[in-house]
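Here are a few friendly notes to read alongside the model. Take them one at a time, and keep the picture open as you go.

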Amino acid sequence: MMNVLLVEDEITIREGIRDTIPWLENGLQLCGEAGDGLEALERIANGPVPDLIITDIHMPKMNGLDFIQAARAALPNVEVIVLSGYDDFQYAKKAIQLGVNGYVLKPCRTEELVQLMVNTKMKINAIRETQTSMHSIQNKWERSLPTVIEQSLLRWVRSPRQKLENRAGQLEEWNSPIHPADLLVGIIRIDASSGNRMFNKPDQELIRYAAFNIIQETLNPVYEQNVIVVRDGNDYIWIANPPRKQLSIQETKLELGRLKINLEQYLRMSVSIGSGNLVGCIDDLHISYEQAWKAIETRFYSGKGTIVLYSELTQNANEASDATIFEDKSMLELEQSILHHLRTMKFEDALDQTELWLQQLRRGPLVDQTEVSLRTTAFLLELQKLAQEQHVNPLESNGRMVDLIKQVPNMETLEDLSTLVKKLIRSLVAGLTSQVPTHRTVQGALDIIHAKYHTNLTLDSVSKEVFVSNTYLSSLFKQELGINFLDYLHQYRIEHAKSLLRKNYKMYAVAKMVGYQEERYFSMTFKKWTGLTPTQFKKNGGAN
């Protein structure tokens, strides 16, 4: 329905139009009448607001042309039809300049006026539909803009500027908080085994969103609001202009340390952070990103929760080594020696050689993580072949070695990888040991451990019960089983602890039940042997 305001000083004409026009039939509604321009302006001010005004020109107090100008000032989009008894070109010219929709001479036929109003209504509806469509497009664009910005920035950090690409212009179009000159890129990576990964998918998304806000709010004051944070899978990437006061390496790490603390405090989320160097313009963003990536990849050696700036890395650390780990003959010799000792039941030597092999892996950042994973996988496959030859399954609950080997590429740190390798070797040694008769003294010690593991057992107390010296028992134990007394005791206790944790016993209760008086020491020992804390083990469904 279109509202029409009728402005006419001659009462007879005004009433004639009012009474003869079939308003409702044509989707029209007469919302008001006025005898002059001033009265009409009062009607507009008090409402209802008209969509169309029909007005005379010659009227007292304020003529029609002045009224049209005043009405348009209040209602810029209102349509106007001029109804005049003067066929004067100057009047028509002025009306056209004011943008009226029609100029009708009095007296006019009702049909003519109705048709003109209907046409005007169609014009108004068309304009409104166009505006609605434009608003819808604008709203969709505004809703999709964050995604467009995120996808564009992720593309920019991964590749150089494409031909005809105007990144600086796009930043301006987005009204971005960052400027196209002098930028740096940083990466925030969530460490595996952070508590948040144990939640269901909807809760994980909420936590990720909360982490995004914490990161943005923490970095805003560091970079004086000139920073954008985007998500990239499980990583967060920030792109920023440097603050006016240049920060030293120590100051930068202090600020990033606050970010780590905030995430740990509010979300119990452990993260590692890597930051690239400053680049001159937005077109070189990928260079800073590559540097940030290299910085955070050093986490494999330095451990989770690390903060590394690319500027900290030495020249040697940033350059790839000429020799690959696959060309290292000493590692191949160690692997062959370990396999030989396992086949000949020299378990103590096999474990010692395993420690040397792991030391070879700890060369530092000169060795690429992918190479380390491939080399480790190749070695573990040889161990799997040995286990098949000896008909041994070293894993608990009928687990498959191949499933354990598949975890190698997902190891985030060398510490995690070492834990996995040691676990497999020790399990393999235990499986091989079970196939040969055990020395009576060692079997006696094992029986005591199995019966009294929950008590305060020591090497001294067990050696007294089997009537030998602690030195002799220690040597014999490792010779027979390939593992020292204390490690075996811890391993046996932890296996029982895992069973109790699966039954949802409290951690402090489990610690006491398997022989640990201090909950903290129990947690440290549990993580050493499983790679997870007891809490993480429970949240992970009792799997490690």
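1. Setting aside neighbours within four places in sequence, Thr441 is in contact with Val466, Val468, Leu473 and Leu476. Thr441 sits in helix H17, which covers residues 440–452. Is Thr441 buried or exposed? Its relative accessible area is 15%, and because buried means under 20%, Thr441 counts as buried. Please keep in mind that this is a predicted model.

2. Now step back to the whole chain. The domain assignment gives domain 1 (2–128), domain 2 (167–316), domain 3 (325–415) and domain 4 (440–541). Between domain 1 and domain 3, the C-alpha centres lie 91 Å apart.

3. Next, a check you can follow yourself. Helix H9 has 13 residues (285–297), so at 1.5 Å a residue it should span 18 Å. The C-alpha atoms at its ends are 19 Å apart, which agrees. Which residues of H9 are buried? They are Leu285, His286, Ser288, Tyr289, Gln291, Ala292, Ala295 and Ile296.

4. Finally, look at a helix pair. The axes of H20 (residues 485–502) and H22 (residues 519–530) come within 10 Å and cross at roughly 95°. Because angles of 65 to 115 degrees count as roughly perpendicular, H20 is roughly perpendicular to H22. On the H20 side, the contact includes Asp487, His490 and Ile494; on the H22 side, Tyr521, Phe522 and Trp529 are among the residues involved. By class, this contact has seven nonpolar, four polar and three charged residues.

How values were computed. Residues numbered from 1 in each chain as written. Predicted model: local features only at pLDDT ≥ 70, side-chain atom pairs only at ≥ 80, totals over all residues. Heavy atoms only, no water. Helix = DSSP H or I, 4+ residues; strand = E, 2+ residues; numbered from the N terminus. Expected span 1.5 Å × (residues − 1). Buried < 20%, exposed > 50% of the residue type's maximum accessible area, 1.4 Å probe, protein only. Axes fitted to C-alpha atoms, helices over the stretch in contact; angles between N-to-C directions. Parallel < 35°, antiparallel > 145°, perpendicular 65-115°, else oblique. Contact = heavy atoms within 4.5 Å. Nonpolar A, V, L, I, M, F, W, Y, C, P; charged D, E, K, R; others polar. Domains from an automatic or database assignment.
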